[in-house]
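Reader: I'd like to learn how to read a structure like this one. Can we go through it feature by feature?

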Amino acid sequence: MSRVSGRRAGRPTTTSREAILNAAVNLLLEGGETALSFRKLAERLGLSAPSLYTYFPNKQALLLALSESALQLKSEPDMAQGAHIALGKMLDDLRSRLLEKQHLMFLFNVAMPLEQMLQLIEDIADIIESTGIERGEALRHGQSLLWMVLGFVIF
């Protein structure tokens, strides 16, 4: 029976999803996407490769989780300040978050976090709609603003 760090192979550990994502980011920084495998990730964490399947069913799911992490906002918009200020702060927060995770932007070509991007468009549109702009127009503006922020970070 093979052992990794005194554990039986394949047994889930108390390693957190966040620890796995952080180790995956480090592997990506060191050698790009080709350096990221479940085997290498498990070695880095002192786990067996099968135990990682407890958290991610495959590499694509891991890559998607990494790209989603770049789009997570730090806080909810404060509408009490007014829509324009709330929207500005939300977009600044998103831009700041993406710049912090700029090294992960290449993942958008591999694992597009579509559901999360659609939710961001909805969130932006909610703020715009609160100013009296029709929903369809607010969604178009939300999409444009999201792409502008992404473009600013990528280019």
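Reader: Let's start with Asp-93: buried or exposed?

Author: The general idea is a cut-off: a residue counts as buried when its relative accessible area is under 20%. Asp-93 comes in at 12%, so it counts as buried. Keep in mind that this is a predicted model.

Reader: Where does Asp-93 lie, and which residues does it touch?

Author: Asp-93 is in helix H5, which covers residues 83–100. Leaving out residues up to four places away in sequence, Asp-93 touches Leu-73, Lys-74 and Ser-75.

Reader: And for the whole protein chain, what share of the residues is buried?

Author: Of the 155 residues in the protein chain, 39% are buried. As for the accessible surface, the protein chain has about 8,700 Å², and carbon and sulfur atoms account for 54% of that.

Reader: Next, aromatic rings. How many aromatic pairs does a search of the whole structure find?

Author: Two rings pair if their centres lie within 6.5 Å, and the angle between the planes then sorts the pair as stacked, tilted or edge-to-face. Searching the whole structure turns up one aromatic pair. The partners are Phe-38 and Tyr-53, with 4.7 Å centre to centre and 45° between the planes, which makes the pair tilted.

Reader: Which parts does that pair tie together?

Author: Phe-38 sits in helix H2 (residues 38–45), while Tyr-53 is in the loop between helix H3 (49–52) and helix H4 (59–70), so the pair links parts 15 residues apart in sequence.

Reader: Are the two partners buried or exposed?

Author: Phe-38 has 8% relative accessibility, so it counts as buried. Tyr-53 has 47%, so it counts as partly exposed.

Reader: Let's zoom out. What pattern do the helices and strands follow along the sequence?

Author: The protein chain has seven helices and two strands, and along the sequence they run β-β-α-α-α-α-α-α-α. The radius of gyration is 19 Å, well over the 15 Å from the globule rule for 155 residues, so the protein chain is more spread out than a compact globule. Along the principal axes, its C-alpha atoms fill a box of roughly 65 × 30 × 25 Å.

Reader: What share of the contacts comes from residues 24 or more positions apart?

Author: Take the contacts in the protein chain with a separation of 6 or more: 64% of them are between residues 24 or more positions apart.

Reader: Last one: how far apart are the mean positions of the positive and negative charges?

Author: The protein chain has 16 positive and 17 negative charges, and their mean positions are 15 Å apart.

Conventions: Residues numbered from 1 in each chain as written. Predicted model: local features only at pLDDT ≥ 70, side-chain atom pairs only at ≥ 80, totals over all residues. Heavy atoms only, no water. Helix = DSSP H or I, 4+ residues; strand = E, 2+ residues; numbered from the N terminus. Rg over C-alpha atoms; globule rule 2.2 N^0.38 Å. Buried < 20%, exposed > 50% of the residue type's maximum accessible area, 1.4 Å probe, protein only. Contact = heavy atoms within 4.5 Å. Areas by Shrake-Rupley, 256 points an atom, 1.4 Å probe, with all protein chains shown as cover. Lys, Arg positive; Asp, Glu negative; His and termini not counted. Charge placed at Lys NZ, Arg CZ, Asp CG, Glu CD. Phe/Tyr/Trp six-rings, centres within 6.5 Å; stacked < 30°, edge-to-face > 60°.
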